[in-house]
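Please load the model in your viewer and keep the selection panel open.

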Amino acid sequence: MSSKKKKILLLSDDVRMSSGVATQSKEIVMNTLHKYEWVQIAAAVKHPEQGQIIDLNDAVRNETGIKDAYLKLYPTSGYGNPDILRQVIEIEKPDAILHYTDPRFWLWLYAIEHELRVNIPIFYYNIWDDLPTPYYNTNYYRCSDLLMAISKQTYGINKRILMNYGYEDWQIKYTPHGVDEKHHYKIEDGDTKLRQFETKFGLDKFDFKVLYLNRNIRRKNPGDVVMAYKYFVDQLPPEEQKKCCLIFHTAPVDENGTDLKAVCAAAIPNYNVIFTHNNNEHFQDEEINFIFNSADVYLNMASNEGFGLASLEALMAETPIVVNVTGGLQDQCGFKKEDGTYLTADDYVELGSNHRGKYKEHGEWVKPVFPSNISLQGSPLTPYIFDDRAQFEEVGIAIKYWYDVGPKERKRCGKLGREFAMDKNIGMTAKLLGDNIIDAIDTAFEKWKPREKYTLEVV
């Protein structure tokens, strides 16, 4: 084991799990193992391995070929607490802490941040779904020495808030999610395993398939997806209607969402709908790639969406997308300024969000739908946040666009989407994610100064 490597303690979902947070945590770790040693307080709702120490050194060394790769997990139910953190720090002696996901999960961490930052820096891989600028997050953001913003919108939020507190440019970096292009890619027509997958779920019977791969929760608006699909199919002759299908890869019933089978039975009883998640069967990377390849268009109508990882996975599989213009979904649209260049993270410091459609020109791989209603919602912990609602009729028109252009044009546009995501200046591959993380963290290690034991702030 190299003594020259810095060791980082990661606080997030267990890297072996399947949530979006877990998936991206794994990509961060696996694409930086050559540079850092990693320890994780590995969270799950009710972790079956709580209290154990999981040594994954041999596993990651065999997978990566990195002889001194270091990865240990300390599983916990929930996101941990100060006692667990102090115990792991005492055992592992990390050089930094990196935490990830909604700041409200980390209030216990922020309560002891000064104690920690006397000795080691705190880094934050952070996202926020929407405007207005969440000034109620100010003290949460100030508990970190480095903020890596997952979306351009989040970068703008971090900048606008923290520029008032002396944060330097190196402390806020745009670091978008990344997808492994080796796991998500276009499969050639006629592939035997893809055909077998489609036959298993009955997908081989249809010529045009619309995919929803998201959680069945309210802000993802699965009911509106049903209505958008209905609006699209209603425009087709009966014989063409029979050749179309809506794919739901999600739990059919969720207490945080709805009963999708009941919705479909009422709204589209005579249209084709396939659920691929009936038995809570967990798809492996290969099967996820199969389902994106089987689809002709991927759809995300979420009214709040931090990033929208599945739409990026669709683009990597060269499948065109229809998305609501909100949150991090904007980053995948390739919006362009008047001079023809893409909007940058720095543009979002002033712009805030493009959900009102200031910039309309976009990449050929997407049909963006701008919200028809922007409503201010809130709760005691998050007093205000916009809810961006796309009109389902407009989404239905966008789906029909992809239907009308035909398979050859969809294939061409999908290929452009993959090229966009893989562009080194865009940075949405797993390797580029790792490179961006390394650049941000190395700079932080170089410039970080320990906090004084005591500080006095005049308010």
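**The open sheet**

Begin by selecting eight strands, which form an open sheet of mixed pairing in the order E3-E4-E2-E1-E5-E6-E7-E8; strands (E, at least two residues) and helices (H or I, at least four residues) are DSSP runs, numbered from the N terminus, and two strands pair if DSSP finds at least two bridges between them. Strand E3 (54-55) and strand E8 (172-174) stand at the edges with a single partner strand each, so one side of each has no neighbour in the sheet. This is a predicted model, in which local features need pLDDT of at least 70 and side-chain atom pairs count only at pLDDT 80 or more, while totals for chains, interfaces and linings use all residues. Residues are numbered from 1 along each chain as its sequence is written, and side-chain values use heavy atoms, with hydrogens and water left out.

Next, select strand E10 (residues 244-248), where five of the five residues are buried, buried meaning under 20% relative accessible area, exposed over 50%, and partly exposed in between (1.4 Å probe, protein chains only). Cys244, Leu246 and Phe248 point one way from E10, whereas Cys245 and Ile247 point the other way. In a regular strand the side chains alternate between the two faces of the sheet.

**The nonpolar cores**

Which residues have the most contacts inside the largest nonpolar core? They are Trp38 and Leu85, in a core of 117 residues; a nonpolar core is a set of buried Ala, Val, Leu, Ile, Met, Phe, Trp, Tyr and Cys residues joined through side-chain atoms within 4.5 Å. Helix H16 (residues 430-447) supplies the largest share of this core, seven residues. Apart from it lies another core, of 31 residues, which includes Cys244, Leu246, Val395 and Trp402.

Centre the view on Trp38, which, leaving aside residues up to four places away in sequence, touches residues including Ile8, Leu10, Ile28, Tyr70 and Leu98, a contact being heavy atoms within 4.5 Å.

**Rings and charges**

Now show the aromatic side chains, among which there are 24 aromatic pairs; rings of Phe, Tyr and Trp (its six-membered ring) pair if their centres lie within 6.5 Å, and planes under 30 degrees apart count as stacked, over 60 as edge-to-face and the rest as tilted. Tyr100 and Tyr125 form an edge-to-face pair, 5.0 Å centre to centre with 70° between the planes. Because Tyr100 lies in strand E5 (residues 96-100) and Tyr125 in strand E6 (residues 122-126), the pair ties together parts that are 25 residues apart in sequence. Tyr100 is buried at a relative accessible area of 4%, and Tyr125 is buried at 0%.

A tilted pair is formed by Phe201 and Phe283, at 5.8 Å centre to centre and 45° between the planes. Phe201 lies in helix H8 (residues 192-201) and Phe283 in the loop between strand E11 (273-275) and helix H12 (285-294), so this pair ties together parts that are 82 residues apart in sequence.

To see charges over rings, select Lys6, whose charged end sits over the ring of Phe445, 5.1 Å from its centre; the criterion is NZ of Lys or CZ of Arg within 6 Å of the ring centre and within 35 degrees of the ring normal. Lys367 lies over the face of Tyr401, at 4.4 Å from the ring centre.

**Cysteines**

Colour the cysteines next: the structure holds zero disulfides, a disulfide being a pair of cysteine sulfur atoms within 2.5 Å. For Cys264, the nearest cysteine sulfur is that of Cys245, 10 Å away, and Cys264 counts as buried at 6% relative accessibility.

**Backbone details**

Finish along the backbone, where a cis peptide bond joins Leu131 and Pro132, with omega about -10°; Pro132 lies in the loop between E6 and helix H6 (138-141). Thr101, although not a glycine, has a positive phi of about 105°, and Thr101 lies in the loop between E5 and helix H4 (107-111).
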